[in-house]
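This briefing covers helix packing and ligand contacts. The topics follow the display.

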Amino acid sequence: MSGADARRPLIAGNWKMYKTVAEAESFVQSLLPRIAGRAGIDVGICPPFPALAAIVDSTRGSSVGVYAQNMHQEPEGAFTGEVSAPMLAELGVQGTILGHSERREQFGESDRALQLKLPAALQAGLEPILCVGETEEERERGDTERKLRHQVQEDLTRVEDARLSEVVIAYEPIWAIGSGKVATAEQAQEAIAFIRALVADRSRVAAERTRILYGGSVKAENAQELLALPDVDGALVGGASLDADTFAAIVAAAP
Ligand code: PEP
């Protein structure tokens with residue numbers, strides 16, 4: 001088995017700062033029967049921190065993995081308001097989003113911090129979902145590849161080659177996030193193939209195995225076309241992951 005066959009699709013829902021514990025529980029009760037017959041695919045949900053433990057519990061034994069949306073690079077310390085990788089792992093969380101553009105833009109998440117967060121997550125047994133992507137201006141001035149090269153190379157610097165394929169990468173063009181403007185199939189395929197080539201510069205074997213997702217205004221209506229692209233191994237879904245019916249329809253659209 002090689003190439004796309006070796007990569008199990010992942011559809012992950014990033015809930016951002018939405019849903020109380022009670023709302024998260026009711027979503028899960030509604031989602032699980034809707035995706036019960038769906039084999040050969042991984043489903044992830046990324047609730048806010050307070051709902052993690054409850055959702056780990058209520059998804060136990062299902063195909064749904066639970067991911068956090070961020071973590072600190074240190075295992076513990078005087079970092080008020082932060083949460084560490086071992087703390088997440090203790091809850092039974094499967095992984096965490098890292099470097100989402102909202103954290104990079106609004107909370108000063110830096111490539112330097114991500115260089116430390118990625119190995120810290122792996123060390124704790126968490127699967128990172130590293131988000132990368134260009135702004136609209138960067139795309140318009142032809143800087144998309146330069147931006148992706150910078151983020152992928154910098155952020156993965158301290159991940160050893162042998163563990164590279166354990167990092168999921170999400171290509172999320174910033175202009176497509178929450179905007180209703182989805183990348184065309186051609187734009188998504190081109191950027192994701194480019195990211196795969198960047199991983200291959202480090203390790204060809206890892207590049208064949210690394211799951212690379214598309215994110216940015218994925219909806220039930222456009223999911224099938226995006227998820228069928230040869231280098232696209234799944235989706236990171238924001239707004240459309242908040243409704244169990246819609247999210248289940250996106251899961252159903254995966255090849
Ligand atoms: C996201 O925030 O990761 C995202 C892709 O959001 P949306 O699907 O709402 O564009």
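Predicted model: local features only at pLDDT ≥ 70, side-chain atom pairs only at ≥ 80, totals over all residues.

How many residues surround the ligand, and which are the closest? The ligand is surrounded by 14 residues, and the closest are K16, E172, G178, S217 and G238.

**Ligand contacts**
- In the side chain of K16, an N or O atom is 2.6 Å from an oxygen atom of the ligand.
- The side chain of H100 also has an N or O atom facing the ligand in this sense: the distance to a ligand oxygen atom is 2.9 Å.

**Helices α1 and α11**
- Helix α1 spans residues 21–35 and helix α11 spans residues 244–253; their axes come within 9 Å and cross at roughly 30°.
- Angles under 35 degrees count as roughly parallel, so α1 is roughly parallel to α11.
- The crossing of α1 with α11 is right-handed.
- On the α1 side the contact is made by F27, S30, L31, R34 and I35, and on the α11 side by A244, D245, F247, A248 and V251.
- By class, the residues of this contact are 7 nonpolar, 1 polar and 2 charged.

**Helices α1 and α2**
- Helix α1 also packs with helix α2 (residues 52–59), at an angle of about 20° and with the axes 10 Å apart.
- This angle makes α1 roughly parallel to α2.
- The two helices, α1 and α2, pass each other in a right-handed crossing.
- From α1, the residues V21, A24, E25, V28, Q29 and L32 meet A54, I55, S58 and T59 of α2.
- The contact of α1 with α2 consists of 6 nonpolar, 3 polar and 1 charged residues.

**Helices α5 and α7**
- Helix α5 covers residues 111–123 and helix α7 covers residues 144–155; the axes of the pair come within 8 Å and cross at roughly 45°.
- The helices α5 and α7 are therefore oblique to each other.
- Residues D111, L114, Q115 and L118 of α5 are in contact with H150, Q151, E154 and D155 of α7.
- The residues of the α5 contact with α7 divide into 2 nonpolar, 3 polar and 3 charged.

Notes:
Residues numbered from 1 in each chain as written. Heavy atoms only, no water. Axes fitted to C-alpha atoms, helices over the stretch in contact; angles between N-to-C directions. Helix = DSSP H or I, 4+ residues; strand = E, 2+ residues; numbered from the N terminus. Parallel < 35°, antiparallel > 145°, perpendicular 65-115°, else oblique. Left-handed = near helix turned anticlockwise from the far one by under 90°. Contact = heavy atoms within 4.5 Å. Nonpolar A, V, L, I, M, F, W, Y, C, P; charged D, E, K, R; others polar. Near = heavy atom within 4 Å. Polar contact = N/O pair within 3.5 Å; in protein donor to acceptor, adjacent residues only side chain to side chain.
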